Amino acid sequence: MRLKTLNKRCVTLIEVLIAFTIITMCLFPLLYPHVFIIKQQSEFTQKIELDHQVNLLYGEFLSRLYTNEIPWSDLFDSRDIEINDELKVSAGIAEKVPYKGTYHFAVERKKESEDLSKVAVLLSLTFKFNAEYSKSSKPLVYTYQIFALRNVTADLEESVEEELE
């Protein structure tokens, strides 16, 4: 009789382990949708924050263009420039999002006046952001059009005055 009780205890322990395994296997499918939703919500929140930061950067570029802080040579250069921390701070961006970005200006149209004293330019300002944690995702691209008018004769007079000083 003692043999039967010893065997029954071993079988009971195996049954408990099997039951525990079955319960944990049933929990994973129940929890997975919730974890997936939380992950998607986090990514969506980060994209919304990135949209807000891009709008702040666009406003910063407009104010720099209106105050002539961006040289015309940079506008016609059409090369990708990395968005650094200094630019983010000047735009009022405090929060960090997991995206690295670049920007560049491209001339879409250019028209000079008849007397060549003024130049009208339609620029496109393009921001590209890639996720830091994922190399396979598509870059997020934001494009803005900016109209700029340049008075060439006034710029020449200012450059001559700067050289004389």
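**Reading a predicted fold: a dialogue**

Mentor: Helix 1 gives the most to the lining of the largest cavity, with four residues. The model is predicted: local features require a pLDDT of at least 70, side-chain atom pairs count only at pLDDT 80 or more, and totals for chains, interfaces and linings use all residues. Residues are numbered from 1 along each chain as its sequence is written, and side-chain values use heavy atoms, with hydrogens and water left out.

Trainee: How many helices and strands does the chain have, and in what order do the elements run?

Mentor: Helices (H or I, at least four residues) and strands (E, at least two) are DSSP runs, numbered from the N terminus. In this chain there are four helices and four strands. Read from the N terminus on, the order of the elements is α-α-β-α-β-β-β-α.

Trainee: How many cavities of 30 Å³ or more does the structure hold, and which residues line the largest cavity?

Mentor: Rolling a probe the size of a water molecule over the atoms shows where empty space is left. On a 1 Å grid over the protein atoms alone, a cavity is a set of points where a 1.4 Å probe fits but cannot get out; a pocket is an open set with protein on both sides within 12 Å along at least five of seven lines; lining residues have an atom within 4 Å of a point. Points are joined across faces, edges and corners, and the volume is the space filled by probe spheres set on them. The structure holds one cavity of 30 Å³ or more, and the largest cavity has a volume of about 40 Å³. Its lining is made by Leu50, Gln53, Val54, Leu57, Lys88, Ile93, Val97, Tyr99 and Phe129.

Trainee: What classes of residue make up the lining of the largest cavity?

Mentor: Ala, Val, Leu, Ile, Met, Phe, Trp, Tyr, Cys and Pro count as nonpolar, Asp, Glu, Lys and Arg as charged, and the others, Gly among them, as polar. The lining of the largest cavity has seven nonpolar, one polar and one charged residues.

Trainee: What volume does the second largest pocket have, and which elements each supply at least two residues of its lining?

Mentor: About 190 Å³ of space lies in the second largest pocket. Helix 1, strand 1 (81–82) and strand 2 (99–112) each supply at least two residues of its lining. Among the lining residues are Phe61, Arg64, Ile81, Glu82, Tyr103 and Phe105. By class, this lining has seven nonpolar, one polar and four charged residues.

Trainee: Is Glu60 buried or exposed?

Mentor: Buried means under 20% relative accessible area, exposed over 50%, and partly exposed in between (1.4 Å probe, protein chains only). Glu60, at 14%, is therefore buried, whereas Arg64, at 21%, is partly exposed. Arg79, at 43%, is partly exposed, and Asp77 is partly exposed at 37%. Of the 165 residues of the chain, 24% count as buried.

Trainee: What distance separates the C-alpha atoms of Gly92 and Leu57?

Mentor: They are separated by 8.6 Å, while Gly92 and Leu57 are 35 residues apart along the chain. Leu57 also lines the largest cavity. Gly92 is in the loop between helix 3 (85–90) and strand 2, and is exposed at 53% relative accessible area.
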